[in-house]
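Please read the briefing below alongside the sequence and the 3D view.

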Amino acid sequence: MNNYVVGMGEALWDVLPEGKKIGGAPANFAYHVSQFGLPCCVVSAVGDDALGKEIVENFTSKGLNQLIAEVPYPTGTVQVEIDQAGVPQYEIKENVAWDNIPYTAHLESLAEKTRAVCFGSLAQRNVVSRNTINRFLDAMLQNDDTLVVFDVNLRQGFYNKEILCNSMKRCNILKINDEELVTVSRMFGYPGIDLQDKCWILLGKYNLKMLILTCGINGSYVFTPGNVSFQPTPKVEVADTVGAGDSFTAAFISSILKGKSVAEAHSLAVQTSAFVCTRKGAMPILPEELTTA
């Protein structure tokens, strides 16, 4: 049975002004998918240290399935500074555990049972994890219902044109924000066209099922061949925006896997990410009216 939803890549500690919180986009994604009642698994690596043990214990306490390797590198940390608008700025430590996720027989077995996977560019900054992600995608039993989500998630300088191009070829759903779209467009040589035109170009060029464009307070779009869904961003009191995009992706993909329409999935995704913005950190417990919608 292809029934797992997998978040693959970085699992780390966001060191915020008020203390540390578990983060990493794939872990955030998998945790929120689990809240929508789908079998999921987070794939990453931690070090043989207190921070690593705490991540594993935390995921276990949340009931989150995990394939987290222990490797001889320190557990990842990110210094997060929050600006006056609640927007995070990141300083991501290099050569850490999640840069070195090993490809194992257990991982191959999981790939064969995976119906949807979400991965980003950050965990591909090192060749070890990059190769593991690509081998996992190769091992998936892909069919018309399989979802391969590339959440671009550009951070600092940890990306290049080759990695982005390969990832866009491998995915069938692309998730990108407005700032990332400008950067990607510049790299790929089509600046000066409006955002929607850039999305249509990417959708066609990479033969995508869907392209999700988030524009912060200016709303979000889901492009599918021949159609576009727009949702305004709800006005809420923002605690911080850490993990909001990951919860959006999780709610959207969970809804699509449950057979909801793009418009229904998009609406739930917007409500979910707005709620996460009202809470500190990336992994708040979602209210039942969202998870049972």
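Asn153 is buried, with a relative accessible area of 11%, where buried means under 20% relative accessible area, exposed over 50% and partly exposed in between, for a 1.4 Å probe and protein chains only. The model is a predicted one, in which local features need pLDDT of at least 70 and side-chain atom pairs count only at pLDDT 80 or more, while totals for chains, interfaces and linings use all residues. Residues are numbered from 1 along each chain as its sequence is written, and side-chain values use heavy atoms, with hydrogens and water left out. Helices (H or I, at least four residues) and strands (E, at least two) are DSSP runs numbered from the N terminus.

**Two asparagines with positive phi**

- Asn153 has a positive phi of about 50° although it is not a glycine, and its place is in the loop between β9 (147–151) and α5 (161–170).
- Asn207, another residue other than glycine, also has a positive phi, near 50°, and lies in the loop between α7 (195–205) and β11 (210–214).
- Asn153 is buried, whereas Asn207 is exposed, with a relative accessible area of 67%.

**The sheet of nine strands**

- Nine strands form an open sheet with mixed pairing, in the order β5-β4-β1-β8-β9-β10-β11-β12-β13, where two strands pair if DSSP finds at least two bridges between them.
- The edge strands of this sheet are β5 (66–71) and β13 (227–231), each of which pairs on one side only.
- Neighbouring strands of this sheet are turned by 15° against each other on average, direction ignored; the axes are lines fitted to C-alpha atoms, for helices over the stretch in contact, and angles run from 0 to 180 degrees between N-to-C directions.
- Strand β4 (residues 40–47) runs parallel to β5, to which six bridges join it, and the bridge partner of Val42 in β5 is Gln66.
- Strand β8 (residues 114–120) has six of its seven residues buried, so this strand is largely enclosed by the rest of the structure.
- Strand β1 (residues 4–8) pairs with β8 in the parallel sense over four bridges, with Gly7 standing opposite Cys118 in β8.
- The pairing of β8 with β9 is likewise in the parallel sense, over five bridges, and Val117 has Val148 in β9 as its bridge partner.
- Helix α7 lies across β10 (173–177), β11, β12 (220–224) and β13, and runs at about 35° to β12.

**The sheet of four strands**

- Four strands form an open sheet in the order β3-β2-β6-β7, again with mixed pairing.
- At the edges stand β3 (19–23) and β7 (88–92), each with a single partner strand, so one side of each is left without a neighbour in the sheet.
- On average, and with direction ignored, neighbouring strands of this sheet are turned by 30° against each other.
- Strand β2 (residues 12–16) and β3 run antiparallel and are joined by five bridges, in which Asp14 has Lys21 of β3 as its bridge partner.
- Helix α2 (residues 50–61) lies across β2, β3 and β6 (76–82), running at about 60° to β3.

**Helices α5 and α6**

- The axes of α5 and helix α6 (residues 178–188) come within 11 Å and cross at roughly 105°.
- The two helices α5 and α6 are therefore roughly perpendicular to each other, on a scale where angles under 35 degrees count as roughly parallel, over 145 as roughly antiparallel, 65 to 115 as roughly perpendicular and the rest as oblique.
- Lys161, Leu164, Cys165 and Met168 in α5 meet Val184, Met187 and Phe188 in α6, contact meaning heavy atoms within 4.5 Å.
- The residues of this contact divide into six nonpolar, no polar and one charged, with Ala, Val, Leu, Ile, Met, Phe, Trp, Tyr, Cys and Pro counted as nonpolar, Asp, Glu, Lys and Arg as charged, and the others, Gly among them, as polar.
- Val182, found in helix α6, counts as partly exposed at 30% relative accessibility.

**The nonpolar core**

- Of the 97 residues in the largest nonpolar core, Phe59, Phe136 and Leu211 touch the most other members; such a core is a set of buried Ala, Val, Leu, Ile, Met, Phe, Trp, Tyr and Cys residues joined through side-chain atoms within 4.5 Å.
- Helix α8 (residues 244–257) gives the most to this core, with seven residues.
- Leaving aside neighbours within four places in sequence, Phe59 is in contact with Ala11, Ile22, Ala27, Val42, Leu64, Gln66, Ile68 and Met283.
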